[in-house]
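Below is a short briefing on one protein chain, grouped by topic.

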Amino acid sequence: MSAKPKPQSTEINHIRNTLADVVDGLGQTRGEMHQRFDQQDKRLDQQSKEISERFDQQSKEISKRFDQQDKRLDQQSKEISKRFDQQDKRLDQQSKEISERFDQQSKEISERFDQQDKRLEQQDKRLDQQGSDIAAIKEMLQALLSRQ
């Protein structure tokens, strides 16, 4: 077995100092990494906040525009409904007027036909009377002619 030689104290001090320097360097690097992570977290938080604010603002604007559109559509719907009601009333009134005119004209035409029927009946009666008178005159003439 061979014995390892014991390192000298200056060499141990040197190794110790080197290791201390490495540990200090790693500690600083670790601190810098944590500092950078914190900066990145702050940036991400800020960006997230800005995005959230923009999203909220856009959402409010879109909601406002939809509300305006909804109000406008409601107003247009009311106006259209009102116009349809007016048109419906107007058509009902026109239908009523046309029906009244038709009934009046139908009544007038019926009265005219009734008058024409009465006149025709009177003419028939006159013709029948004239026919009877002519027949009576004919008989008289034949009776007079036959006596001669």
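Which residues form a nonpolar patch on the surface? They are I137, L141, L144 and L145, with about 410 Å² of accessible area together. The model is predicted: local features need pLDDT of at least 70, side-chain atom pairs count only at pLDDT 80 or more, and totals for chains, interfaces and linings use all residues. Residues are numbered from 1 along each chain as its sequence is written, and side-chain values use heavy atoms, with hydrogens and water left out.

**Overall form**
- The protein chain has one helix and zero strands (DSSP runs, numbered from the N terminus: H or I of at least four residues for helices, E of at least two for strands).
- Its radius of gyration is 62 Å, well over the 15 Å that the globule rule gives for 148 residues, so the chain is more spread out than a compact globule (taken over C-alpha atoms; the rule is 2.2 Å times the number of residues to the power 0.38).
- The C-alpha trace spans about 200 × 40 × 15 Å along its principal axes.

**Exposure**
- Of the 148 residues, 0% count as buried (buried is under 20% relative accessible area, exposed over 50%, partly exposed in between; 1.4 Å probe, protein chains only).
- L141, in helix α1 (residues 9-147), is partly exposed, with a relative accessible area of 48%.
- D128, also in helix α1, is exposed at 54%.

**Surface patches**
- A patch of negative charge gathers E108, E111, D114, D117, E121, D124 and D128.
- Patch residues have over 30% relative accessible area and no salt bridge; like charges are joined within 9 Å, nonpolar side chains (Val, Leu, Ile, Met, Phe, Trp, Tyr) within 5 Å.
- A salt bridge is a side-chain nitrogen of Lys or Arg within 4 Å of a carboxyl oxygen of Asp or Glu.

Note on methods
Accessible areas come from the Shrake-Rupley method with a 1.4 Å probe; for residues, only the protein chains shown count as cover. Lys and Arg count as positive and Asp and Glu as negative; His and the chain ends are not counted. The place of a charge is taken as NZ of Lys, CZ of Arg, CG of Asp or CD of Glu.
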